[in-house]
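Subject: Structure handover

Hello,

The structure you asked about is below. My notes on it follow.

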Amino acid sequence: MPGPRKVTVAEVGPRDGWQIEPEFIPTETKIQLIDELVDAGIRVIEFSSFVSPKAVPQLADAAEVLAGVDRTRGAKFAALVPNAKGAERAAAAGVDEMRVFVSASESHNRKNVNRSVEESLEGFADVMRIAGEAGIPVEGAIATSFGCPFEGAVPVTRVGEIARRFYDLGMQGVGLGDTTGMATPTLVAERCRYLRQHVPELPIALHFHNTRGIGLVNVMTGLAEGIDIYESSFAGLGGCPFAAGATGNICTEDLVYMLHELGIETGIDLERLCAAALHMEEVIGRTLPGQVMKAGPRLQLHPIDEVETAVG
Ligand code: COA
Ligand code: ZN
């Protein structure tokens with residue numbers, strides 16, 4: 001298959017997943033699960049957000065989590081920041097990368113960060129200054145890039161304009177967020193081509209949710225377009241608390257399984273990743289959407305006596 005031979009799988013479960021869980025996951029447990037992901041070979045991890053603890057109490061311990069995880073393995077620890085206050089907290093905690101976020105649609109941006117798209121973009125200048133002084137790179141994420149649960153279709157030109165603003169502000173990459181799983185292969189191809197043409201300087205990351213069951217199909221389209229960075233959540237956790245109908249991200253184990261079967265390198269040990277996902281499920285105490293964590297890889301054999309012979 002044409003496309004990248006090597007892909008970066010960026011784990012976002014500790015942020016996109018834990019932010020929507022009704023129960024606060026104890027800091028020690030978060031640290032242990034993140035260490036397991038890094039042990040499995042994850043090298044880019046969105047470990048938390050420096051947002052208002054009133055808006056997202058589940059991630060109020062971002063600095064403590066970062067202070068506790070093993071940072072000797074070469075993994076890059078990224079966090080979401082919405083404003084200057086978040087950037088100051090993230091810089092003080094010592095993140096490797098900041099990620100600002102804004103929605104392509106006004107109504108989701110208001111729900112998510114209580115301001116207009118323009119106000120968010122203007123506020124990023126302060127984030128860039130604080131990050132620049134601390135020597136920390138910044139990437140930008142565009143939520144509702146493929147459609148908005150409140151407004152419907154989102155024009156590709158809107159996504160392009162915001163990406164151009166990111167580039168002009170000095171950001172080093174753009175992530176297209178599919179907040180409520182509205183992406184389709186047609187939209188993915190259109191948006192990747194448009195950005196390549198209009199903002200060719202910015203590397204693109206794709207962030208899909210599996211809300212409508214075609215998350216990995218969208219990845220296949222991204223691969224055909226040459227995109228080599230994908231964001232996913234272990235065990236298939238995930239969702240935005242401020243979007244109607246948000247459900248899990250594409251699942252990291254399922255994505256890694258598919259990439260490996262396509263002969264694409266990720267540097268990730270699937271077995272260890274599945275062990276981390278099963279641990280996550282145990283911590284949450286309910287069945288999570290990941291499929292390879294339950295079925296195992298394709299060639300994992302089962303003892304023949306495990307299954308009864310059909311008689312009669
Ligand atoms: N970290 C910690 N506290 C913060 C903060 C930050 N990054 N930004 C603001 N606050 C605090 C302020 O200090 C203030 O505290 P006070 O009431 O004790 O004085 C309070 O939050 C309100 O501040 P304000 O600037 O008026 O913010 P707001 O109420 O308009 O909310 C956001 C704006 C962006 C802070 C809030 O909507 C938010 O954190 N959203 C994040 C949403 C999110 O994470 N979504 C999921 C990811 S897609
Ligand atoms: Zn998401």
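Strand β1 (residues 8-11) and strand β2 run parallel and are joined by two bridges. Strands are runs of E in DSSP of at least two residues, helices are runs of H or I of at least four, and both are numbered from the N terminus. Two strands count as paired if DSSP finds at least two bridges between them.

This is a predicted model, in which local features need pLDDT of at least 70 and side-chain atom pairs pLDDT 80 or more, while totals for chains, interfaces and linings use all residues. Residues are numbered from 1 along each chain as its sequence is written, chains are lettered from A and ligands numbered from 1 in the order written, and side-chain values use heavy atoms, without hydrogens and water.

On its other pairing, β2 is joined to strand β3 (residues 76-80) by five bridges, again parallel. Ile45 in β2 stands opposite Glu11, and its bridge partner in β3 is Phe77. Six of the six residues of β2 (residues 44-49) are buried, so this strand is largely enclosed by the rest of the structure. Buried means under 20% relative accessible area, exposed over 50%, and partly exposed in between (1.4 Å probe, protein chains only).

Glu119 lies in helix α6 (residues 117-134) and counts as partly exposed because its relative accessibility is 41%. Glu271 belongs to helix α11 (residues 270-284) and, at 69% relative accessibility, counts as exposed.

Regards
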